[in-house]
Structures are given as C-alpha cells and as structure tokens.
Amino acid sequence: MTEVVSQENAFQAIQLVEHPAIASSLVDLGMVRDVNYLQDDNTVSLTLVLPVLGIPQNVRDYMVNSLYQAVKSAGSELTNVNIAEMTDGERQVFLAKEKENWRG
C-alpha cells in the first residue's frame, strides 16, 4: 500500500510543476512524458520534452530542478531526466498554450 501512495504522490507532485514563464504546468504543456516509477527503490525517471533544444540553459535547469524538488517533496527521488525535443504537432499545441497563458 505504501508504494501505491508514494507513486500517486510522485505523479501528483509532477503534475503541479509550473513553467517559469507560462501559467501552466509542464504536464499540461505536454513537456513531461515517459514517467516511470520504480517501487523497489521509490525512484522516478522521466523525459522533459522541450519545444526546441536550444532554450536557455537557465530555463532548462529551472524546470529540471523544479521536477527534482517536486518528486522529493512527495517522498520519492527523481534519478533521471532525459531531454527530448517536441514533434512539430506537439510544438504547435505548446505554442498555442504558451500564447494563451504567457505571464510576460
């Protein structure tokens, strides 16, 4: 039972992580995929999907660190964040949400 609670807590925490410049969560923006939870050691790995790979390093670092902190606050450990680039279709959806929710 504890493993299920930890897994749910980790997934919920990830869903709350917001983009630093867009008033939406990374999950809602389509920027998180392949979330894997390992019961044996209570760890999480995931892929952070960027609209382009050339975003500023400080923005990328902020998002990765925010994911680490969220998972840690849920009682798990984020052990691996893979970085990938969005497909053209994913990027179009992202850009529409960005325009709608830009904090500017």
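What is the order of the three strands in the open sheet? In this predicted model, the order is 1-2-3, and the pairing is mixed. Strand 1 and strand 3 are the edge strands, each pairing on one side only. On average, neighbouring strands of the sheet are turned by 15° against each other, direction ignored.

Helix 2 packs on this sheet and touches strand 1, strand 2 and strand 3. The direction of helix 2 makes about 150° with that of strand 3. As for the pairing of strand 1 with strand 2, it is antiparallel and runs over five bridges. Within strand 2, Thr-43 is the residue that stands opposite Leu-38.

Let me turn to the core. The largest nonpolar core has 26 residues, and those touching the most other members are Leu-26, Met-31, Leu-48 and Leu-67. At least two residues of this core come from each of helix 1, strand 1, strand 2, helix 2 and strand 3. Beyond its neighbours within four places in sequence, Leu-48 is in contact with several residues, among them Leu-26, Met-31, Met-63, Leu-67 and Ile-83.

Finally, the loop residue. Ser-76 lies in the loop between helix 2 (57-73) and strand 3 (77-85). Is Ser-76 buried or exposed? Its relative accessible area is 7%, under the 20% cut-off, and Ser-76 is therefore buried. The side chain of Ser-76 makes a polar contact of 2.9 Å with that of Asn-42. Not counting residues up to four places away in sequence, Ser-76 also touches others, including Ser-6, Ala-10, Tyr-37 and Val-71.

Notes
Residues numbered from 1 in each chain as written. Predicted model: local features only at pLDDT ≥ 70, side-chain atom pairs only at ≥ 80, totals over all residues. Heavy atoms only, no water. Helix = DSSP H or I, 4+ residues; strand = E, 2+ residues; numbered from the N terminus. Buried < 20%, exposed > 50% of the residue type's maximum accessible area, 1.4 Å probe, protein only. Polar contact = N/O pair within 3.5 Å; in protein donor to acceptor, adjacent residues only side chain to side chain. Contact = heavy atoms within 4.5 Å. Core = buried A, V, L, I, M, F, W, Y, C linked by side-chain atoms within 4.5 Å. Pairing = 2+ DSSP bridges. Axes fitted to C-alpha atoms, helices over the stretch in contact; angles between N-to-C directions.
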